[in-house]
Each structure stands twice: as C-alpha cells, then as structure tokens.
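Me: Hey, could you walk me through this one? I'm new to reading structures.

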Amino acid sequence: MSSEAISVGDLVRWYDVYGCDTLVSDAGLGIVVGVNTVTVPTRGELHVQLYALESLQYAVYRNKLQDIHIYPARDIVPV
C-alpha cells in the first residue's frame, strides 16, 4: 500500500491490519482530513550518530464507522 501525493480532501481506501501486517481486519473508504509529519529520533551505528526518520500520518474520516482515525502512509491508498 502506498501514498502517491495524498492531500487533505482526497478520497482514500483505508486498511486496518493485525499486528503481523499481513492480515486485513477491516477496510473501507474515507476522506483525508489532516496530514502530519512525525519525526522519530533513532540512534545510528554504535550510538555515535543521531538520525531522525520522518514518516507521514494521515487523519482519515472513515465513512463506514463515522469516526476519524490516524493511519500511516502504508495503510491508505488513493482512489
């Protein structure tokens, strides 16, 4: 699942997956209502150099469940 230039207002298909990331527990359509960049600090080799990994998270209004849920970029696909 990928995120090809998804922005606020886009219609997307969302997927809720179990912990193993191979089994889908639920899926549906929704509208992106917010985009957030999350920076996660991680340590490099031998804890000498500090790295920061950035990932996108999307707030999606789920029509099926009538709520807003935060999804990582890998769990939504533009329609």
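Predicted model: local features only at pLDDT ≥ 70, side-chain atom pairs only at ≥ 80, totals over all residues.

Me: What percentage of the residues is buried?
Reply: Of the 79 residues in the protein chain, 22% are buried.

Me: Which residues make up the largest nonpolar core?
Reply: That core has 9 residues: Ile-6, Val-12, Trp-14, Val-32, Tyr-58, Val-60, Tyr-71, Ala-73 and Ile-76.

Me: And which strands each supply at least two residues of this core?
Reply: Strand 1 (11–17) and strand 3 (50–62) each do that.

Me: Switching topic: where is Asp-75?
Reply: Look in the loop between strand 4 (67–72) and strand 5 (76–78).

Me: Is Asp-75 buried or exposed?
Reply: Asp-75 counts as buried because its relative accessible area is 8%, and the cut-off for buried is under 20%.

Me: What does its side chain make a polar contact with?
Reply: The side chain of Asp-75 pairs up with the side chain of Arg-74, in a polar contact at 3.4 Å.

Me: Last one: of the contacts with a separation of 6 or more, what share comes from residues 24 or more positions apart?
Reply: Those residues account for 45% of such contacts in the protein chain.

Key:
Residues numbered from 1 in each chain as written. Heavy atoms only, no water. Core = buried A, V, L, I, M, F, W, Y, C linked by side-chain atoms within 4.5 Å. Buried < 20%, exposed > 50% of the residue type's maximum accessible area, 1.4 Å probe, protein only. Helix = DSSP H or I, 4+ residues; strand = E, 2+ residues; numbered from the N terminus. Polar contact = N/O pair within 3.5 Å; in protein donor to acceptor, adjacent residues only side chain to side chain. Contact = heavy atoms within 4.5 Å.
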